[in-house]
Amino acid sequence: MTGNAVIITADGTPIPASTSCTININQEAVEYTPLPGSATEEEEGWKHYRRGNYSWSLQNDSFLTDGNVGTAELIGTKPQAGIRIGEKITLTGTGVIKSVKMSGNVNGLAKLDVALEGDNLPEIEVES
């Protein structure tokens with residue numbers, strides 16, 4: 001699968017990913033201290049972790065065009081985000097657009113970077 005198979009939409013409006021798109025799904029590792037006497041002698045001195053909360057986020061980079069310049073207006077909003085991965089996988093959920101960065105060099109192509117932090121459990125649909 002190539003990177004151009006990933007499409008992000010915010011409230012139904014596509015945010016093109018012409019250079020890169022990263023989808024992160026994470027789970028925290030929360031450090032804890034075992035109760036006295038519950039760790040074996042071999043476990044003493046080792047860190048202990050339990051599973052924490054899940055999170056997901058998106059980072060989208062594209063060339064800036066007239067079609068996506070309005071994306072900056074979405075910063076701080078909580079749009080419905082849809083991510084289409086290839087022909088068969090769709091991830092949808094809501095998230096907060098944390099940052100929108102527009103940059104460019106003189107006489108060069110301008111670039112748009114969008115970062116979205118998911119705020120709930122995303123729905124993943126796989127078509128058969």
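1. In which strand does T94 lie? The answer is β6, residues 89–103; helices (H or I, at least four residues) and strands (E, at least two) are DSSP runs, numbered from the N terminus. A word on provenance: this is a predicted model, in which local features need pLDDT of at least 70 and side-chain atom pairs count only at pLDDT 80 or more, while totals for chains, interfaces and linings use all residues. Residues are numbered from 1 along each chain as its sequence is written, and side-chain values use heavy atoms, with hydrogens and water left out.

2. The overall layout is quickly told: the chain has zero helices and eight strands, in the order β-β-β-β-β-β-β-β from the N terminus. Of its 128 residues, 28% count as buried (buried means under 20% relative accessible area, exposed over 50%, partly exposed in between, with a 1.4 Å probe and protein chains only). Taking contacts (heavy atoms within 4.5 Å) between residues at least 6 apart in sequence, 64% join residues at least 24 apart.

3. Back to T94, which counts as buried because its relative accessible area is 18%. Its side chain makes polar contacts with the side chains of D119, at 2.6 Å, and N120, at 3.2 Å. A polar contact here is a pair of N or O atoms within 3.5 Å; within protein, one must be able to donate a hydrogen and the other to accept it, and residues adjacent in sequence count only if both atoms are side-chain atoms. Leaving aside neighbours within four places in sequence, T94 also has W56, K78, P79, Q80, A81 and G118 among its contacts.

4. β6 has a partner in strand β5 (residues 80–85): the two run antiparallel and are joined by six bridges, where pairing takes at least two bridges found by DSSP. I85 stands opposite I89 in β6. Three residues lie between the strands of this hairpin, and G86 in the turn has a positive phi of about 70°.

5. Which residues line the largest pocket? They are I25, Y54, S55, W56, G118, N120, L121, P122 and I124. W56, G118 and N120 are also among the contacts of T94. Strand β4 (residues 48–63) gives the largest share of the lining, three residues. By class, the lining has six nonpolar residues, three polar and no charged (Ala, Val, Leu, Ile, Met, Phe, Trp, Tyr, Cys and Pro count as nonpolar, Asp, Glu, Lys and Arg as charged, and the others, Gly among them, as polar). A pocket is an open set of points on a 1 Å grid over the protein atoms alone, with protein on both sides within 12 Å along at least five of seven lines, and lining residues have an atom within 4 Å of a point.

6. K47 is found in the loop between β3 (20–32) and β4, and is exposed, with a relative accessible area of 56%.

7. One backbone angle to look at: N107, in the loop between β6 and β7 (111–118), has a phi near 65°, a positive value in a residue other than glycine. Most residues other than glycine have a negative phi. N107 counts as exposed, at 82% relative accessibility.

Technical notes
1 Å grid on protein atoms, 1.4 Å probe; cavity = no way out; pocket = protein on both sides within 12 Å on 5 of 7 lines; lining within 4 Å.
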